[in-house]
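Student: I have a model open and would like to learn how to read its features. Where do we begin?

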Amino acid sequence: MIRTDLRAAPPRASMLFLLQGVLYFIGACFFDVNTVIPLFIASVTGKVELAGVAYTISKAAGLLFQVLVGTSVAGIRNVPRHVALYLGLAYAMPICLLLPLSLGVGGMAMAACTFLAVAVFWCADGAAIVAYYDLFGRTVSAQSRGKVLGLQQFLGSAGAIGGAIAVKAILDAQGLSFAHRYSLLFGIGGVIMLSSVLSIVFLHDHPDRVPQPVAHPFEQWRTMWACVRGNRAFLRVLACQVLFQISAMSAPYLLLMAREPLALPETTVSSLVSMQVFGALLGGGLVALISPRLGNRATTRLICAVSVLSALSGLLAVIGAAPALPLTVLAVVGSGVTAASWAAFINATIDVADEAHRPLYIVFTSLITLPVAFSGMLAGQIVKHWGYASMLAVCLVTGLLAVLFAGDPGRTLPGRLSPK
């Protein structure tokens, strides 16, 4: 077993992971499946129910490839090169959309091109992510992991606020055609995300790591279940994550809800993009501050509580119980805060996972949460047939259940060292 103490975790690795994450989050705000892509799809097709398809594809494709590739991570010879290769493929996808935009493709054909680009983006990301976090857990000390991932989100979102201002300015630019506006967004986002891959190129793996023979997939699945079935702390974290992801399915629809039925001005709707990015900034700061002090279970419980607040605010706005604008802002900011959930849940999983089988725990999490990835499409159908209020009510109930499963934030998980 490879130790991951302070002597095996040079500050350089923390800085490189931090730089990669910051650049990724800045670039991702130009190609975001919760804001930019839903507005783009709804505009080119006129069908609101398709707005959640990209969100669903992003979740399902990423999780599927985590499951397919994740079990072979132990046999990869050069992990940094593997991660850099697949992330580079993923981050080139926004730039690939410039071709159909320049050719004047529109309607469902343009939507299909966008869905394909989103699928390839998240398939490649899924092929890299298990190895990414295995490398992260091996080269960054346990005391620093929550801080590094939280700062990724916080500093990246701080930069993304500038990006969101640029997104708003481009979307509101009357002198640019529709195709030119989105070409600028996708091109800028792709270039910034591609530059983040350079940080991975300069990473070095733990010197004591030796690639292991990869067992047959059936043997891997049997080993995976044997690893996790007796780990009640992990199963509790997993149940909380499943419920939380269902509660977060409203994210792609909040901006569309602001446009219709709330009928907020178009300039206000574009301003809400900045509000969501500000929420992500706040969420990253909360993770970076709370995780090293109170532990990752406290962080996950807070994130789940914010999802409840976001769903409740949106529900009150759409049923007309209070002025729509402040409640919509609160719902959108809360949705942005929950974007930091990935950092809280991956750290909570690393805390309770057996270090020798960490990739299997991550793959098992992806396997179980894969069906939940389709909640975005489910939300679209609920909105289509029963309205936004019904969809937000489902998010509210599942969010409350997620808070309960998050457990006592002041208690150390059984059999593990305190994250403090």
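**Reading the model**

Tutor: Val397 sits in helix H19, residues 388–405; helices are DSSP runs of H or I with at least four residues, numbered from the N terminus. This is a predicted model, where local features need pLDDT of at least 70 and side-chain atom pairs count only at pLDDT 80 or more, while totals for chains, interfaces and linings use all residues. Residues are numbered from 1 along each chain as its sequence is written, and side-chain values use heavy atoms, leaving out hydrogens and water.

Student: How is a pair of aromatic rings described?

Tutor: By the distance of the centres and the angle of the planes. Rings of Phe, Tyr and Trp (its six-membered ring) pair if their centres lie within 6.5 Å; planes under 30 degrees apart are stacked, over 60 edge-to-face, and the rest tilted. That rule gives 18 aromatic pairs here.

Student: Why is the pair Phe31 and Phe186 edge-to-face?

Tutor: Their planes are at 85 degrees and their centres 5.4 Å apart, so the pair is edge-to-face. It links distant parts of the chain, 155 residues apart: Phe31 is in the loop between helix H1 (11–28) and helix H2 (36–45), and Phe186 is in helix H9 (residues 178–201).

Student: Which residues does a cis peptide bond join?

Tutor: Glu260 and Pro261, with omega about 25 degrees.

Terms used: Helix = DSSP H or I, 4+ residues; strand = E, 2+ residues; numbered from the N terminus.
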